[in-house]
Number of protein chains: 2
Amino acid sequence: MERYGQLQKLRRAAALVYVADLDAPVAAPDDAHHLLDVLRLRPDEVVVACDGRGTWRACRVRAESGSGRRRGTPRGRAVDGHPTGAELEPVGPLTVAAQPSHPLTVAFAMTKGDRPEWTVQKLTEIGVDHIVPLLTRRTVVRLGPQERERRADKLRRVAREAGAQSRRTHLPEVAEPVAFERALERLPSASLVAEPGGGFMDPGTRAVLVGPEGGWDPAELACGLGRVDLGPSVLRADTAALVAAALLGAARSGAVLLPAGRAR
Amino acid sequence: MERYGQLQKLRRAAALVYVADLDAPVAAPDDAHHLLDVLRLRPDEVVVACDGRGTWRACRVRAESGSGRRRGTPRGRAVDGHPTGAELEPVGPLTVAAQPSHPLTVAFAMTKGDRPEWTVQKLTEIGVDHIVPLLTRRTVVRLGPQERERRADKLRRVAREAGAQSRRTHLPEVAEPVAFERALERLPSASLVAEPGGGFMDPGTRAVLVGPEGGWDPAELACGLGRVDLGPSVLRADTAALVAAALLGAARSGAVLLPAGRAR
């Protein structure tokens, strides 16, 4: 019940912003722009400042913050041309949110276009803790080291925005896009590969790997992990990642029970 | 196992097309365009013709179909300027897919833009049988009778495309956008309203109603239906509809178990 009381406070706050220092919280320029120019918060409205690692406190936007920025000045820039943040005034105690009982991982094959961004947004909303973009043998996308870093930065920004919107006190970790074989070394042992004809998840499942539209390469399927079937119809790769996340999340919260010993 | 054998055949087919008559199957012009110009099927490739009500058969595209259309002629038009379909040649027996044990319903508040299309696409992929776009008190979208019909037509086209892509032998019914109170009259009694702080789904749950971003109006929440909480974080409306569908679908297939007597 205490957990639910916390959730209600988080939900009722006008916004959540991730800050570096909860003792002297400052909304970064982009966040300040969002609070002041998009949401147009009044000084008496409560926002939550959160460190992204489970600790948060209620704050107010200081009245003097962003003065001169409300009248159509460019995004994240003060009238003198420099980006500016917004100081937040703590009005509530430091609160530590309960750590989830166990972290959940979804790895998904990178696709072209902005679908990885969409997938990261949804996985973050649903509560996945580790998000791993995979480069599989049949992944159409080829990324050099710099490009991987750039894509990871972009996906982390998406996760941060989605985390704030969905009031997540623990931000997910988004890995750099990584080759399937390298990812295997780091994934928890209770990982399953999504594949038609596989079994069900079981109560110990902690991670699901979702392949590209073209399917896994047979060498990847032979990696030794169990297989999970995500449903009777053919799912697009992004839908499959979401369904996996929804089932893992619901099992963790107790909303559903996973049958024992069904994964193949 | 017979069911799984059927699924494999459906999955392996180069495409699934919905046809009016399984004894003399003809792909409609748009579908013919997709088969011949987009997928560029060769005459020996097998497609599935399906009536959308559970019966299907393997077919080949007749060699003479679409002659003259492959070289950049406009979508769905033959060289003489008239739209043309493609005759399909049955090569397998009529097969009746198992009816799902019970139909699943997801109703969701209409939003602006193309998010309803996206939601219908995903709900169709996941296997929802009745999709009901809702006009709630806080729904921003206002639709007159003609506009409702037009939107329903669009959403049904989306469901048809998603159904073909995901190899659904039973096409979902997509209702015309309908006022919340009217929808209540037609929904199964085992329907739950998605709302933070609600309970879990139980094994009897057959339908979930998802409200708009602004939430339900108190009068709507007082409609007498139980409430279901879809997870500890704040979900966007479209994500909530998907999570509800994933849980209902997984419970129907036995992939997860719903706890008894937890809905409030």
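## Terms and model

Helix axes are lines fitted to C-alpha atoms over the stretch in contact, and the angle between two of them runs from 0 to 180 degrees between their N-to-C directions. This is a predicted model, in which local features need pLDDT of at least 70 and side-chain atom pairs count only at pLDDT 80 or more, while totals for chains, interfaces and linings use all residues. Residues are numbered from 1 along each chain as its sequence is written, and chains are lettered from A and ligands numbered from 1 in the order in which they are written.

## A pair of helices in chain B

Helix α3 (residues 115-126) and helix α7 (residues 237-253) of chain B pack at an angle of about 10°, and their axes are 10 Å apart; helices here are DSSP runs of H or I with at least four residues, and strands are runs of E with at least two, numbered from the N terminus. Because angles under 35 degrees count as roughly parallel, α3(B) is roughly parallel to α7(B).

Two residues are in contact if their C-beta atoms, placed from the backbone, lie within 7 Å. On the α3(B) side the residues that meet α7(B) include Trp118(B) and Leu123(B), and on the α7(B) side they include Ala241(B) and Leu242(B). By class, this contact has seven nonpolar, two polar and three charged residues, where Ala, Val, Leu, Ile, Met, Phe, Trp, Tyr, Cys and Pro count as nonpolar, Asp, Glu, Lys and Arg as charged, and the others, Gly among them, as polar.

## How the two chains meet

When the copies are superposed by least squares on the C-alpha atoms of residues with pLDDT of at least 70 in both, a rotation of 180° with 0.0 Å of shift along its axis places chain A on chain B, with an RMSD of 0.0 Å. The two copies are thus related as by a two-fold rotation axis, and in chain A the C-alpha nearest that axis belongs to Leu257(A), 2.4 Å from it.

In the interface, 35 residues of chain A are in contact with 35 residues of chain B. The elements of chain A that give two or more residues to this side are α1 (2-12), α3 (115-126), β11 (191-199) and α7 (237-253), and α7(A) provides the largest share, nine residues. This side of chain A has 20 nonpolar, nine polar and six charged residues. Since 100% of the interface residues of chain A are also interface residues in chain B, the copies meet through the same surface.

Conventions
Parallel < 35°, antiparallel > 145°, perpendicular 65-115°, else oblique.
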